[in-house]
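Subject: Handing over a structure, with notes on what was found

Dear colleague,

I am passing this structure on to you, and I would be glad if you could look it over with the notes below at hand. The notes follow directly after the structure.

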Amino acid sequence: AENASTLTPQASRFATEYSDPLHPLCKRKIEVELSKDGRTTIAHFSGTDVGAKGSGVMAGCSAEEIKEYKLRDWSFDGSILGEVISVGDGVHEGRWDKDGIRWNDGNKWSVVSKQ
């Protein structure tokens, strides 16, 4: 985002791609920008999953799983305040933990190294 120079280092580190152990091979990405008034750090989440939205399918995105359940893209927005990232839904609430995001349910998205 064009406002990247005014983001705090804590907020900027959320802006990357992640791996999600509950959904192997599925995409997880967060982009970060400041709101127009500069008061809120917005987190734009995007990624892929399999199965219909809300179906609760706990599967990965391997070729076999995509064939069985169908791949879908998703996106939603949240906010970042210090070490905490939140969508405000009680589910996608977590905090920065060394090399990724530790969610309140115990799951951890780890940063995918940029090699």
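The lining of the largest pocket divides into 10 nonpolar, eight polar and six charged residues, where Ala, Val, Leu, Ile, Met, Phe, Trp, Tyr, Cys and Pro count as nonpolar, Asp, Glu, Lys and Arg as charged, and the others, Gly among them, as polar. Please keep in mind that this is a predicted model, in which local features need pLDDT of at least 70 and side-chain atom pairs count only at pLDDT 80 or more, while totals for chains, interfaces and linings use all residues. Residues are numbered from 1 along each chain as its sequence is written, and side-chain values use heavy atoms, with hydrogens and water left out.

The largest pocket holds about 600 Å³ of space, and among the 24 residues that line it, His23, Arg28, Asp49, Arg72 and His92 lie nearest its centre. A pocket here is an open set of points on a 1 Å grid over the protein atoms alone, where a 1.4 Å probe fits, with protein on both sides within 12 Å along at least five of seven lines, and lining residues have an atom within 4 Å of a point. Grid points are joined across faces, edges and corners, and a volume is the space filled by probe spheres set on the points. Strands E3 and E4 each supply at least two residues of this lining, and E4 gives the most to it, with four residues; strands (E, at least two residues) and helices (H or I, at least four) are DSSP runs, numbered from the N terminus.

The second largest pocket holds about 160 Å³ of space, and of the 14 residues that line it, Glu17, Tyr18, Cys26, Lys27 and Arg28 are the closest to its centre. Strand E1 (16–19), E2 and E3 each supply at least two residues of that lining, with E1 giving the most, namely three residues. By class, the lining of the second largest pocket has five nonpolar, four polar and five charged residues.

Turning to the aromatic residues, the structure holds seven aromatic pairs, meaning rings of Phe, Tyr and Trp (its six-membered ring) whose centres lie within 6.5 Å, with planes under 30 degrees apart counted as stacked, over 60 as edge-to-face and the rest as tilted. Phe45 and Trp109 form an edge-to-face pair, 6.2 Å centre to centre and with 75° between the planes. Because Phe45 lies in strand E3 (residues 41–50) and Trp109 in strand E8 (residues 108–111), this pair ties together parts that are 64 residues apart in sequence. Both Phe45 and Trp109 are buried, where buried means under 20% relative accessible area, exposed over 50%, and partly exposed in between (1.4 Å probe, protein chains only). Trp74 and Phe76, by contrast, form a stacked pair, 5.2 Å centre to centre and with 15° between the planes. Trp74 is buried at a relative accessible area of 14%, whereas Phe76 is partly exposed at 25%. Tyr18, Phe45, Trp74, Phe76, Trp103 and Trp109 form one aromatic cluster.

The structure also holds seven salt bridges, each being a side-chain nitrogen of Lys or Arg within 4 Å of a carboxyl oxygen of Asp or Glu. One of them joins Arg13 to Glu83, with the closest N and O atoms 2.6 Å apart. That pair links distant parts of the chain, with Arg13 in the loop between helix H1 (9–12) and E1 and Glu83 in the loop between E4 and strand E5 (84–86), 70 residues apart. Another is formed by Lys108 and Asp97, whose closest N and O atoms are 3.6 Å apart. Salt bridges that share partners join Asp97, Lys98, Asp99, Arg102 and Lys108 into one network.

Most residues other than glycine have a negative phi. Lys70, however, has a positive phi of about 75° and lies in the loop between helix H2 (63–69) and strand E4 (71–81), while Lys98 has a positive phi of about 55° and is found in the loop between strand E6 (93–96) and strand E7 (100–103). Lys70 counts as exposed at 56% relative accessibility, and Lys98 counts as exposed at 76%.

With kind regards
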